[in-house]
Amino acid sequence: MVQWAAETENPSSMVHYGYTKQSMKPGDQVTVTVVPVKNGKPIGRIVEVVLPNGQKLAGRGLQGPTKPEDYPKQ
C-alpha cells in the first residue's frame, strides 16, 4: 500500500468546484484522480474526486473549471 498526498486549491476556491464541508466524511471511500509529480513521488494535483454517491467533483489538475461561468451553480 502506498499513501499519496493530493494537492488542490485553497478552500474558498474549492467551493466554486462544488466542494462543501459535508462533501467527505472520515471513513468515506472516494476515488481521487491526480496528475502525478514528475519526480515519481506519490504526490499529485487533484483532477477529479468521485464521492461514494457517485457525484464527481473537479480539481484543477489538467481539467476542471477555469472560468467562473464553468463553476457548478450553487
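What share of the 74 residues in the protein chain is buried? Buried residues make up 19% of them, where buried means under 20% relative accessible area, exposed over 50% and partly exposed in between (1.4 Å probe, protein chains only).

Before you click around: this is a predicted model, in which local features need pLDDT of at least 70, side-chain atom pairs count only at pLDDT 80 or more, and totals for chains, interfaces and linings use all residues. Residues are numbered from 1 along each chain as its sequence is written, and side-chain values use heavy atoms, with hydrogens and water left out.

**Whole chain.** Start with a cartoon view. You'll find 1 helix and 4 strands, running β-α-β-β-β from the N terminus on. Helices (H or I, at least four residues) and strands (E, at least two) are DSSP runs, numbered from the N terminus.

Select strands E2 (31-36) and E3 (43-50). They run antiparallel, joined by 6 bridges; two strands pair if DSSP finds at least two bridges between them. Show Val 34 and you'll see Ile 46 of E3 standing opposite. Then go to the turn: 6 residues lie between the two strands, and Gly 40 there has a positive phi of about 85°.

In soluble globular proteins, nonpolar side chains tend to be buried together.

**From Leu 51 to Ser 23.** Now centre on Leu 51. Leaving aside neighbours within four places in sequence, Leu 51 is in contact (heavy atoms within 4.5 Å) with Ser 23, Met 24, Val 30 and Leu 57. Hop to Ser 23, in the loop between helix H1 (11-14) and strand E2. Why does Ser 23 count as buried? Because its relative accessibility is 13%.

**Last stop: confidence.** Colour by pLDDT, the predictor's confidence in each residue, from 0 to 100. The chain's mean is 82, and 81% of its residues reach 70 or more. Over residues 63-68 the pLDDT is below 50, though this stretch has 10 contacts in the model beyond near neighbours in sequence. Where pLDDT is low, the predicted coordinates should not be read in detail.
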